[in-house]
Structures are given as structure tokens and as C-alpha cells.
Amino acid sequence: MNKLLRAIQTNSLFVKMFLVMVISIISVTVLITFSTIRMSNNLFMETFSITNTKVLNQIKQQFESYSYSVVYTTINVQNNGTIKRLLTKENVSSLEASNSFYTIKEQMDRMFSHNPSDANMIVLGKNNQLFNMKYINWSVSADALIDHPITKNSNQHPNEILYQFVSEGDFTNGRPMIVATKALTERSTENVYGYLYIPIRERDLREFYEGYTSEGNSVLVMNGRGEIISSNQQELIGQTSQKLLAAAKETEENGIEYKDVHVLDKDYLLLTSALPALDMYLVNLVDQELVIDNLVDRREIVLISIAIVLLAVGIVFIISRRMTTSLRRLVKQISNMAKYDFNKPVAASGGYEARKLANAFNYMLNELQEHVDNLIKAQRKQRKSELEALQHQINPHFLYNTLTSVKFLVKENKKAEALETIDALIPLLQNALGNVDETITVEQEVTNIKNYVQINQTRYGDRIKVNTLISPDCLHYHLPKLVIQPFIENAFFHAFTEKKQGFIQILIAERDDRLVCEVVDTGDGMQVNKMQGNKGKRQLFSGIGVRNVHERIQLLFGKEYGIEVSSELNKGTKVKIILPIIDENDKNNTISKDNTKTRFLGGENF
Amino acid sequence: MKYFQYRKTWLLMLTVVTFLVLAACSSDDANSNADGGEEPDKITAWAWDPHFNIAALEIAKEAYSEDINLEIIENAQDDIVQKLNTGLSSGSMKGMPNIVLIEDQRAQSFLQSYPDAFYPIGEYFNTDDFANYKLAPTSLDGKQYGLPFDTGVTGLFFRTDYLQEAGYTMEDLTNITWQEYIEIGKDVKAKTGKDMISLDPNDLGLIRVMIQSAGSWYVEEDGETVNLVDNEPLRKAFENYKAMIEADFVKANSDWSQFIAAFNSGDVATVPSGNWIAPSIEAEESQAGKWAVAPIPRLNMDGAVNASNQGGSSFYVLDIPGKEKAAEFLADTFGSNSDFYQDLVLDVGALGTYSPAADGEAYQAENDYFSGQTVISDFSAWTEEIPSVNYGLHTYAIEDILAAEMQNYLKGKDLDKVLADAQAQAESQLK
């Protein structure tokens with residue numbers, strides 16, 4: 001869990017960027033997808049209702065032309081004297097019958113040609129004579145027809161053309177039909193002498209509109225009683241729906257273009273057109289969902305959207321990953337900078353921005369490095385000059401005292417001793433005035449110390465003895481000037497205030513590849529930290545004091561070298577000076593061992 | 001930087017390709033239904049009588065040795081004729097069936113008008129196995145196009161009880177002429193009060209039966225030259241027809257259902273008709289045992305035989321994809337399967353013209369409805385005698401003219417004039 005959190009944290013830029021991108025991609029896609037679907041739906045419904053209104057009008061025209069031909073045929077039959085004569089005749093001979101059958105068919109043929117070819121035409125006389133133009137469509141017998149309700153209805157309304165629905169059953173050979181019926185009446189007496197039937201099979205009527213229908217877009221024809229007499233949805237034929245009738249009436253009367261209705265257990269868009277001549281309503285039901293589903297493939301749109309989202313997210317993932325990875329690497333490198341002393345350049349890789357950034361950072365790092373180097377150089381220079389100044393600062397008291405001592409020696413005629421003292425002073429001064437960086441051999445140092453000690457002993461007597469114990473193999477090693485002298489001086493002037501007598505021992509030897517010089521006195525001893533505080537300025541030989549030595553050594557050779565002081569009250573003090581081995585003959589070799597020093601030395605001319 | 005440019009191009013390409021693929025997916029459905037040139041797996045057939053030829057096709061489908069996806073579509077015969085004419089004349093075979101049933105007397109008009117529309121199937125079956133009179137109307141220029149279905153052989157169905165009442169037996173009705181038939185009819189009318197025959201004045205089917213029994217037709221052998229005025233059999237047929245009407249034993253009907261009703265109700269004593277009427281007669285079970293079949297009467301002239309044909313039909317294969325399948329199906333069933341013909345006779349009552357089938361048991365079976373008469377066998381025998389005629393192209397066009405002239409003749413117009421006028425009308429109309 002923590003690992004995951006840390007991973008998220010280290011990748012937080014990527015995570016944020018990626019999340020923002022993903023969310024925006026998804027929301028844009030979802031919004032566009034939805035608005036596309038919605039817009040196409042609206043557009044579709046709009047155009048659909050316009051087209052379907054036109055379609056309904058066309059279907060209506062077909063029905064009207066059908067009803068016109070029915071009316072035309074009816075008038076013709078009604079006015080046909082031959083038919084009337086033959087229908088009223090009874091008990092005729094074969095010859096007459098043959099003749100009249102032929103004639104009536106001939107007459108009917110002529111009139112029938114005005115009718116749409118799919119409709120049938122039947123003439124039935126009160127004398128049970130039946131003439132059927134298309135018995136194959138409806139092979140009905142005279143007896144069955146004359147007792148049927150459609151004939152009776154016709155009889156009751158002799159002056160009207162009735163469009164009557166006959167549902168499927170034996171009577172119609174199992175085929176639903178719409179039969180236009182008209183009683184044939186004598187004009188003068190209004191006596192009914194026969195009936196005219198113009199039946200059209202439902203499936204033929206359906207052809208008026210079936211071409212305009214499709215799945216979810218159905219047309220049905222309803223009579224004035226709400227009975228569905230024809231539909232491309234055949235299971236609806238014969239059903240009665242008052243609700244549908246009411247909806248159709250309402251749309252028609254109010255002149256509404258279309259209406260949302262819930263009929264036949266479903267939601268539909270309803271368009272309607274009245275056929276007043278036939279007492280029918282033409283109803284167009286559009287199953288919106290189904291039709292739109294067919295037209296607008298939502299699944300496909302959604303799938304395309306998902307594919308686009310996945311693709312975009314993938315691309316975003318790759319790109320942002322690339323961008324943030326290089327940035328993240330950069331950040332990691334930079335935050336680790338301190339570990340490498342700010343001198344390791346960062347790797348320039350990744351995107352353009354990351355590389356620019358890395359380059360700029362490296363450039364800055366270089367500048368900084370250079371600046372720091374310069375600063376250190378300047379500092380070192382300054383310190384050196386300070387030390388030099390101190391070194392050159394030969395204490396005038398020392399000179400005064402020494403010269404006074406010499407004067408007394410000469411006065412006491414101790415000519416030889418005076419000469420000896422001056423001989424000791426001269427190399428001492430010469431040595432002190434040289435370069436602060438210059439090294440001298442151990443041998444020379446020892447000589448210097450001896451000279452110094454001699455001068456002091458000349459002045460203060462020899463109650464303090466100085467012994468030197470130098471390892472002979474160390475004699476040719478080099479060491480900085482005035483490294484040991486300040487401690488001897490210190491011992492002379494501070495270690496023997498109580499004891500008045502004692503020894504100072506100087507030991508120089510090579511130990512563990514280092515040059516170790518020890519100044520051990522048998523004096524009063526002290527508290528270690530006090531040593532720094534003693535500043536008997538007058539007694540000092542040069543500006544270089546005990547205080548500076550340690551600093552100077554470290555400045556010259558690094559932290560691993562320096563001074564160690566241990567002291568015990570009444571027993572004495574021991575100063576250990578640790579120096580590198582500098583052999584003038586192979587000086588370069590020795591120096592190159594220490595990398596840190598290389599730069600230091602490299603920058604200077606020794 | 002170069003690497004990056006390459007990479008961006010690659011991404012762009014990927015995007016473009018993806019969109020193309022998506023776009024291609026969406027338009028995939030558009031191209032599928034375009035071509036109709038391939039072999040369809042559905043074979044369609046048009047026929048008109050659910051109790052007869054459609055039922056026969058159903059049996060054939062069962063009997064077929066292979067699997068076939070056969071869709072049988074019922075259409076009125078007039079509709080089939082009209083649809084075929086519309087479809088074939090437009091040259092577009094779209095919506096046409098693979099197999100269509102055509103009445104023999106109409107067949108030539110289709111074959112000659114649209115010779116390229118039909119697929120010759122003579123190689124699929126042996127034409128010698130079929131009755132000769134069926135081959136002429138179903139072939140053209142020596143190529144066999146039709147596979148004969150039912151014979152249409154005629155017989156004189158009669159009510160034994162009515163005729164017995166009038167004093168006639170089977171013997172008296174066998175191999176008679178139409179004049180003898182009319183005399184018998186008069187007797188029957190007088191003694192039983194029943195009409196002898198039911199006729200539709202608009203349909204001269206009986207005239208056709210009469211003239212074919214004498215080997216004549218409305219046109220000459222070439223199938224085109226109108227042959228009415230000097231047609232002796234036609235003249236005699238007209239005279240017989242008028243004699244029947246005048247004898248006042250004809251019950252007029254105006255359509256098929258009335259025709260059926262006329263004998264089912266017991267109103268008429270005889271039905272001279274094609275053998276296919278038998279199932280309709282048998283439908284009236286109360287009259288079982290009261291019917292028998294005699295050979296059809298003949299014209300009183302040389303060369304006339306007591307056998308004729310009415311309304312037989314044959315199957316044709318249209319030259320559209322699936323024709324081989326359709327032809328193989330027909331050849332395997334109607335063209336060569338004797339057992340299938342036994343089923344056809346027993347279950348549907350359809351009598352084929354496939355002569356090897358006549359030896360089968362079903363053909364010899366006695367029919368209880370017809371008092372044990374071996375009806376099928378008899379019809380089969382008469383089939384062999386049917387004179388072959390060339391129906392030509394214009395049977396029904398000429399018949400319309402003749403029907404009108406027949407009425408004039410009945411009203412008293414001179415027969416010579418009637419035939420001359422009909423001839424003139426036909427010639428001018430069919431020019």
C-alpha cells in the first residue's frame with residue numbers, strides 16, 4: 001500500500017496530467033456522442049413526420065381513387081337496365097339463362113375494368129342469381145351471401161355505399177376482406193332488386209400502403225367503429241381499439257401533425273389521415289425506439305466513441321508518460337545533487353523541455369562550480385598572505401632581547417659566545433623571512449630549532465634542556481617551516497613557570513606513512529584548551545603561533561593531518577604534529593596519492 | 001528531434017488507419033445484397049390449386065431424394081399468367097419463380113413470346129415416358145421446355161341413379177356420340193326433372209373438348225393460322241352446343257363455385273370434364289356410390305375418338321439462377337419416380353402422364369366412391385387415345401370471340417355466318 005502511495009507520489013505529475021486528460025477525453029466524447037445521438041434523433045423525427053405526412057397523403061389518394069372507382073362502378077351497375085332486368089327474372093329456360101349469364105358478365109366485365117384489378121365484383125339478385133367476377137378471390141355462394149349481415153346492413157341503408165369489414169372465417173375462405181356493398185334499388189319504387197358487392201381482400205388493400213411501411217413504421221386502416229380492418233401488422237387485423245380511434249379523431253380534428261400516444265400496449269408516434277368517403281381512418285404508427293434504433297446505430301456510435309477514447313487515452317498515456325518520465329528523472333537527479341558535491345552533471349534525455357532544462361541546469365552547475373572554485377582560490381590566497389604576513393612579522397622584542405643578550409656577551413667579553421649567538425640568529429631570521437609554503441628538510445628544521453634553543457639558552461640560561469631524537473631516515477623529508485618552533489617556544493615560556501627546570505624532547509619519526517613530530521616537555525602541564533589562550537606576545541618569535549600551526553597544516557595538507565595535544569598537570573605536555581611524508585626527490589609521487597590535494601596544488605605554483 | 005518526428009507521423013498514421021477501419025466497419029453491410037447472379041439456396045414455385053397442384057408439389061418435395069428448400073407460392077392462375085407476362089416482357093427476371101405451372105393451352109404463347117426466358121429441361125428426363133399429346137404443347141423448336149404434370153384427360157361423369165331412373169346404364173353411355181348424349185339428356189330431363197349438364201356461357205371448355213376429340217383446334221397445325229370457318233369439328237361442336245341449350249337441360253353457371261355447386265347439390269346428371277374434377281365430385285360424400293365415369297362422347301364424324309383433354313398443365317423452369325437445381329428436382333420427382341406417381345394418385349387424385357407409372361398398384365385401384373370402378377386405370381387408358389393437337393398461341397383470345405358469336409348463334413344467327421364472322425374477327429385481331 002505504501003509502495004503504491006509512494007509510486008503515486010513520485011509519479012504525481014504523470015498521474016495528475018493523465019487523469020485530467022482522461023477525464024476530459026471521456027467527458028468530451030460522452031458529450032459529443034450523446035448530443036450526436038440526440039441531434040440525429042430530433043432531425044430524424046422531424047424529417048420522418050414530414051415524409052410520413054406526405055406518404056399518408058399519397059396513400060390517401062390511393063384510397064380515394066379506389067373509393068371513386070367503387071362509386072363509379074356502383075352508379076354504372078345501378079343504372080344498367082340489362083342487369084336490372086336479368087336480376088329480376090325468375091324461372092328462365094336454358095337459352096335465356098345462357099344468354100342472360102353471358103350478357104350480364106359482359107356488362108360487368110366492361111364496368112369492372114374501371115376497378116382496381118385486385119378488387120372483385122359480385123352482383124347478387126333477389127332471385128339468388130349470383131355473378132362473381134373473380135370467384136377465385138371469393139367463391140361465395142348466393143345463399144350464404146344473401147343471409148349475411150353485410151347484405152342486411154345494405155338492405156337497411158339502401159342509398160349508401162357501405163364499406164364493411166368481414167373478418168377471416170369460412171365465409172371468406174379465411175381471408176379478411178373489406179366489402180363495399182350497395183343495394184340496387186328501383187328508382188321509382190325504391191324496391192331492392194339486388195346487391196352489388198365490391199370486395200377487396202385485406203392483403204390486396206394492404207398493397208395500397210405496404211410499400212411505405214417498414215419495421216416499426218406501420219400503417220393501419222380503421223373503420224369508424226374503431227375496428228382495425230387492415231394493417232401491415234397482421235396480428236392487429238380485426239382488433240378494436242377505441243383509444244386509437246379517439247387519438248386518430250383528435251389528431252385529425254385538431255390538425256395536429258403528429259402525436260405521441262400509448263396504444264396497443266406500446267408508445268408510438270401517431271400520424272393520421274381521415275378517409276371520410278369510406279368512413280375510415282388511415283393511421284400511421286411509428287415505433288420511435290425501434291425506428292430510431294434501426295436508423296441510428298447507437299451501438300456503433302458508442303463503440304466508435306469507446307474506440308476513440310481508448311486510442312486517445314493510449315496516446316495520452318504514452319506521450320505524458322514520456323514527458324513526465326524525463327522530468328521525473330531530472331527531478332530525482334537534481335534532488336540527489338548534494339550527494340555528489342554539486343559536481344555531477346545531470347543526464348540530458350527525454351523530451352525537448354526536459355533536455356533543455358537539464359542542459360540549463362548543467363550549465364548553471366558548471367558556472368556555480370567555477371564560481372565556488374574561484375572563491376576557494378581567493379580565500380586560500382588571502383589566508384596564505386595572512387599567514388605569510390604573520391610569519392614575516394618577527395617579533396621586535398625577540399630581536400631586541402637577543403641583541404641585548406649579544407651586547408652583554410660582548411661587554412663581558414664572551415666574544416665567542418656572542419658570535420655563536422649571532423650565527424644562530426642569522427639563519428633563524430633567514431628562514432623566517434622565506435615563503436610560507438616553502439618546505440625545509442627535517443635536518444634544517446632541527447638546525448633551526450637548535451639555533452633557537454641556543455639563543456634562548458643564551459638569554460635565559462640552560463635550566464631547560466632540549467633533546468632532539470630524530471630518526472635518521474627522516475632527515476631528508478620535508479616539512480613546512482615554523483611548524484615545530486612555536487611549540488618549543490611555547491614550552492620554553494609557559495611550561496616551566498613552576499618547575500623552573502626540565503626537558504623538552506623533540507622526536508621526529510616516520511610512522512604509518514606519516515611524518516610524526518612530537519614535542520614533549522616535562523613542565524607544569526595544563527588544561528588542553530588553555531593552550532590556545534596563552535598569547536604572550538612579547539615572547540613570540542614570529543606572528544606564527546601555536547594557534548596557527550594546526551590551521552596551516554590542514555590548509556596545506558588536508559583534514560587528516562594536524563596537531564594533537566595531550567597534557568597532564570605537573571607532568572608535562574605532549575604535542576604531536578602529524579604531517580605527510582614529503583620527499584623532495586619524488587615529491588610529485590607523494591602528492592598525487594591524495595586526490596583532494598591535487599586540485600589545491602595544481603592551482604598553485606610551488 | 002528526428003526520432004520524434006518519426007514517432008508523431010507514426011501516431012498520425014495509426015489514428016488515420018483506426019478511423020478508416022472504423023469507417024469501413026460501419027459501411028460493411030451496404031454491399032452485400034447487390035448481386036443476384038449466384039446460386040440461390042431457395043427454389044420458388046408458383047401454382048394455383050392448394051388441393052391439387054400445390055399439394056402435388058408438396059408431395060414431390062417430400063419424395064425428392066435430396067434436400068431442397070422449396071417455397072411454394074399460391075397464386076390465382078390468372079395472376080400467374082399476368083405476372084409472368086409482366087415480368088417476362090419487361091425482361092427483368094426479378095421476382096420470378098424458378099418453377100412455374102402453366103396450363104398446356106397457354107404454354108405455347110409463353111414459349112413463343114419469351115423463348116429465352118425458359119430453360120430447356122429435355123436432357124433431364126426421358127420424354128418418351130410421357131404421353132405424346134402432352135409433348136407438343138410443352139416443347140418448342142424441338143426443345144422440351146415443360147415437364148408434363150397432369151393429363152387433363154376427360155371423361156363423362158354421370159349420376160347412375162338419375163340415369164337409371166331414365167332407363168340408362170353404363171353401357172348406354174359408353175362410346176356414344178354427342179347427339180346420343182343429347183337424346184339421353186332429353187330423356188333424363190323429362191323423366192327426372194334434372195338438368196343434364198351445367199355450363200358457363202362464357203367458357204367454351206366443352207367446345208374445346210369436342211374438337212380435340214376429333215383432332216382439331218381453333219388454329220391449324222402450325223399453331224398460328226386461324227381455323228374456324230372451315231373447321232368441321234368446330235361446326236359440329238357448335239351444333240351440339242346449341243342443341244343442348246335448346247333441349248333446355250343446361251343449368252347455367254357463372255363461375256367455378258356455381259359449377260361445383262351444380263353437381264354437388266344434385267341438380268345436374270352428368271359432368272363431362274377433365275379428370276381433375278373427380279376430387280370435387282368426391283367432396284360431396286352423400287353422393288358416394290351414385291357416380292360413374294364413362295368415356296367422353298365423341299363427335300359424329302370420322303377420326304373422332306372417345307377421348308379428349310381439358311386443362312392439363314405442365315411445369316416449366318425459368319432461365320434464372322437455380323435453374324439446374326429446379327430442373328433436377330422436377331426430373332427426379334415428376335420426371336422419373338413411379339412410386340411418387342402412386343402417392344400422387346392416391347393422395348391428391350392427380351393423374352400424371354408418366355406411362356411407367358400406369359403399371360403401379362395405385363393406378364389399378366378400385367374407387368369406392370365410384371362403386372368400385374377402376375377410375376384411374378380407365379383414365380389412364382383413355383389418355384393414350386387423346387389426339388395430339390397444336391394449341392398455338394391464341395386459344396383464349398379466339399375463345400372470347402367465339403363465346404360472343406356463340407350467343408349470336410344461340411339467338412338464331414346462321415352458323416356459316418357465325419363462324420365466318422368469328423374467323424374474320426380473329427384474323428384481324430391476331431394479325
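Is the crossing of α10(B) and α17(B) left-handed or right-handed?

Residues are numbered from 1 along each chain as its sequence is written, chains are lettered from A and ligands numbered from 1 in the order in which they are written. Because the model is predicted, local features need pLDDT of at least 70 and side-chain atom pairs count only at pLDDT 80 or more, while totals for chains, interfaces and linings use all residues.

**Stop 1: two helices of chain B**

Select residues 232-246 and 395-410 of chain B, which are helices α10 and α17. Helices here are DSSP runs of H or I with at least four residues, strands are runs of E with at least two, and both are numbered from the N terminus. The two helices pack at an angle of about 55 degrees with axes 10 Å apart (axes are lines fitted to C-alpha atoms, for helices over the stretch in contact, and angles run from 0 to 180 degrees between N-to-C directions). That makes α10(B) oblique to α17(B) (under 35 degrees is roughly parallel, over 145 roughly antiparallel, 65 to 115 roughly perpendicular, and the rest oblique). The crossing is right-handed: the near helix is turned clockwise from the far one by less than a right angle.

Now show the side chains. From α10(B), Phe238(B), Tyr241(B), Lys242(B) and Ile245(B) meet Met406(B), Tyr409(B) and Leu410(B) of α17(B) (contact means C-beta atoms, placed from the backbone, within 7 Å). These divide into 6 nonpolar, no polar and 1 charged (nonpolar: Ala, Val, Leu, Ile, Met, Phe, Trp, Tyr, Cys and Pro; charged: Asp, Glu, Lys and Arg; polar: the others, Gly among them).

**Stop 2: helix α14 of chain B**

Select residues 338-348 of chain B and pick out the buried ones: Phe340(B), Tyr341(B), Leu344(B), Val345(B) and Val348(B) (buried means 20 or more other C-beta atoms within 10 Å of the residue's own, exposed 12 or fewer, partly exposed in between; C-beta atoms are placed from the backbone). Viewed down the axis of α14(B), they fall within an arc of 140 degrees, so they line one face of the helix (the arc is that of the directions from the axis to the C-beta atoms). Their cover includes α2, α13, α15 and α16 of chain B. Just after α14(B), Gly349(B) has a positive phi of about 80 degrees.

**Stop 3: chain A against chain B**

Here 20 residues of chain A contact 22 of chain B. α4(A) gives the most to chain A's side, with 8 residues.

Note on methods
Contact = placed C-beta atoms within 7 Å.
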